[in-house]
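Welcome, and please open the model in your viewer. We will go from one selection to the next and look at what is there.

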Amino acid sequence: MAALRPLVKPKIIKKWTKKFIRRQGIDNTVHRRFKGQIVMPNTGYGSNKKTEHTLPSGFREFLVCNVKELEVLLMGNTSYCAETAHNDSSENRIAMVERAA
């Protein structure tokens, strides 16, 4: 079976890949913007709104809790992939996987 592809897959550009930690304190060299220090997180480092929350595969995640929600997702869907809820029972998960296949 061929792998599923999203209808539109825009190129995802990450402006910042490391974890942002806001440096605080009046004596902090990063906060005081000394030369040679890492940069402070600013508004301009946010993700592109069109590609925000998009997985590398091009799909967006949708949380499903039961087979009924999965049915809604399967109807004409080209941009979302299903993610099972963490508190689903194994019986429910098996039923969802069978329905999705």
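Is Phe-62 buried, partly exposed or exposed? Select Phe-62 and colour by accessibility: its relative accessible area is 32%, so Phe-62 is partly exposed. Keep in mind as you go that this is a predicted model.

Phe-62 belongs to strand S1 and Tyr-80 to strand S2 (residues 80–84), so the pair ties together parts that are 18 residues apart in sequence.

Next, go to helix H1, residues 67–74. At its N-terminal end, select Asn-66, which caps the helix: a side-chain oxygen of Asn-66 lies 3.2 Å from the backbone nitrogen of Lys-68.

For the last stop, select Thr-54, in the segment before strand S1 (60–64). Thr-54 counts as buried because its relative accessibility is 12%, and the cut-off for buried is under 20%. Which backbone oxygen does the side chain of Thr-54 reach? Draw a distance to Thr-51: its backbone oxygen is 3.1 Å away from the Thr-54 side chain. Finally, display the neighbours of Thr-54. Leaving aside residues up to four places away in sequence, Thr-54 touches Ile-12, Phe-59 and Arg-60.

Technical notes
Residues are numbered from 1 along each chain as its sequence is written. This is a predicted model: local features need pLDDT of at least 70, side-chain atom pairs count only at pLDDT 80 or more; totals for chains, interfaces and linings use all residues. Side-chain values use heavy atoms; hydrogens and water are left out. Helices (H or I, at least four residues) and strands (E, at least two) are DSSP runs, numbered from the N terminus. Buried means under 20% relative accessible area, exposed over 50%, partly exposed in between (1.4 Å probe, protein chains only). A polar contact is a pair of N or O atoms within 3.5 Å; within protein, one must be able to donate a hydrogen and the other to accept it, and residues adjacent in sequence count only if both atoms are side-chain atoms. Contact means heavy atoms within 4.5 Å.
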